[in-house]
Amino acid sequence: MFLAAIIGVAVTMLLILIRALLGPSAYDRILALNLFGTKTVLFVSVLGFLNGRPEFLDLGLVYALINFTGTIAVLKFMQYGDLGWDEASKDKPDV
Amino acid sequence: MRYLLGLIVGLAALWLLLSGHYSPLFYAFGTGSCLLTAWICWRMRIVDNETVPLHLLAHAPVYIAWLGWEIAKSNGDVARRILSPGRSISPTMTTRRVGPATDLGRTIYANSVTLTPGTVTVGLRDGLAEVHALTDANARDIEEGDMDRRVQAFERRGGVRDDHSHDGG
Amino acid sequence: MTALIDMASWVLLAGGAVFSVIGGIGILRMPDFYTRMHAASITDTAGMALMLAGLMLQAGLTLVTAKLVFIMVFLIITSPTATHALARAALHDGVRPQLDHDRRRHTEIEP
């Protein structure tokens, strides 16, 4: 049954990948990328149970963190063309 | 002070939960990293009722249960629309003046709207939320503002006035 | 009792898989970017929650369940944040939504 769940997730990942390839806009691709990440978290978690090694959940957790940070970073980069400060506010502190 | 304490307790619980090793060495590592994190947060001056919403904790289960039920209902609805042949959607954009007065309350509202399939908050500024809805009916639900009232009640029961909130509502 | 919990967990796992595939179909079928986001939120809420709940029933009252709860809470908090950031960025970048009705009171919220 874990296998059925994992196949379901894999099929979803395939569909998401098709959307990522089709686009058409960059935002469709980022949406697909973000979703692919959350599906990977599920995939890794179920895979851990399938193999009888629930320690895989730690990997899933880290993947969720990286996926969120990555999506926000890409969006920020697209919007501002920069991940840090712009020239005007360079001398102002961040917090 | 109680927010800092709450943060440390929360971090310690998280460490104990995720580490899974219970030996003096790991307790020492855990204590060290919790205190370091709490010190960095305190130094950044972000330890307050917004980042550590202790006052909402007791009332959260009621709201979460209601939100879960709403999400389940709209999941069924959107899933049906995806599978039904032909065009069964009527994309609508609408704005709503949000009820919750604090930034935290508004964020909870906007996130709840986005979490519910069928509606996405596209913008939130000066107490005005811009929402994209999959169908006309979904947009009408937002305009009627049931979720808005729920968040307001949740926020009121928490009882702490937010000192960050900007006027705009 | 064990058999009953096992059965419930299989049902939840299967339900999660079905909902995530439906979301995947929606992402391919929906006509424009904004409507695709709604399909995406199906896989992110129902698919994710049902599947993790199924795993929780398998694990029982252990640290594994606590980790699953933590993954679920984290995904529930981050996924709307990411969706909102994406939608806002797309709107600011001038991606026009295809709308049947437009009841916005102000034309556009300035960046």
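Helices are DSSP runs of H or I of at least four residues, and strands are E runs of at least two, numbered from the N terminus. The model is predicted: local features need pLDDT of at least 70, side-chain atom pairs count only at pLDDT 80 or more, and totals for chains, interfaces and linings use all residues. Residues are numbered from 1 along each chain as its sequence is written, chains are lettered from A in the order in which they are written, and side-chain values use heavy atoms, without hydrogens or water.

Start with chain A. Its secondary structure comes to 3 helices and 0 strands. Along the sequence the pattern reads α-α-α. Chain A has 95 residues, and 40% of them count as buried. Buried means under 20% relative accessible area, exposed means over 50%, and partly exposed lies in between, with a 1.4 Å probe and protein chains only.

Move to the second largest pocket. A pocket is found on a 1 Å grid over the protein atoms alone: it is an open set of points where a 1.4 Å probe fits, with protein on both sides within 12 Å along at least five of seven lines, and lining residues have an atom within 4 Å of a point. The second largest pocket has a volume of about 380 Å³, where volume is the space filled by probe spheres set on grid points joined across faces, edges and corners. Its lining holds 16 residues. Ile72(A), Thr81(C), His84(C), Ala85(C) and Arg88(C) lie nearest the centre. Helix 3 (56-80) of chain A, helix 5 (103-115) of chain B and helix 3 of chain C each supply at least two lining residues. Helix 3 of chain A gives the largest share, 6 residues. By class, the lining has 8 nonpolar, 6 polar and 2 charged residues. Here Ala, Val, Leu, Ile, Met, Phe, Trp, Tyr, Cys and Pro count as nonpolar, Asp, Glu, Lys and Arg as charged, and the others, Gly among them, as polar.

Now follow chain C. The axes of helix 2 (residues 33-59) and helix 3 (residues 63-92) of chain C come within 10 Å and cross at roughly 175°. That makes helix 2 of chain C roughly antiparallel to helix 3 of chain C. Axes are lines fitted to C-alpha atoms, for helices over the stretch in contact, and angles run from 0 to 180 degrees between N-to-C directions. Angles over 145 degrees count as roughly antiparallel, under 35 as roughly parallel, 65 to 115 as roughly perpendicular, and the rest as oblique. The residues of this contact divide into 21 nonpolar, 3 polar and 1 charged.

Charge pairs come next. Side chains of opposite charge can pair when their charged atoms come close. A salt bridge puts a side-chain nitrogen of Lys or Arg within 4 Å of a carboxyl oxygen of Asp or Glu. One joins Asp28(A) and Arg36(C), at 2.4 Å from N to O. This pair crosses between chains, from helix 2 (residues 26-50) of chain A to helix 2 of chain C. Asp28(A) is buried at 2% relative accessibility, and Arg36(C) is buried at 6%.

In chain B, Asp136(B) bridges to Arg140(B), with the closest N and O atoms 3.7 Å apart. The two sit 4 residues apart in helix 6 (residues 136-144) of chain B, so about one helical turn separates them. Asp136(B) is buried at 18%, while Arg140(B) is partly exposed at 40%. Arg140(B) also forms a salt bridge with Glu143(B), at 3.8 Å between the closest N and O atoms. Glu143(B) is partly exposed at 26%. Elsewhere, salt bridges link Asp77(B), Arg80(B) and Arg81(B) in a network.
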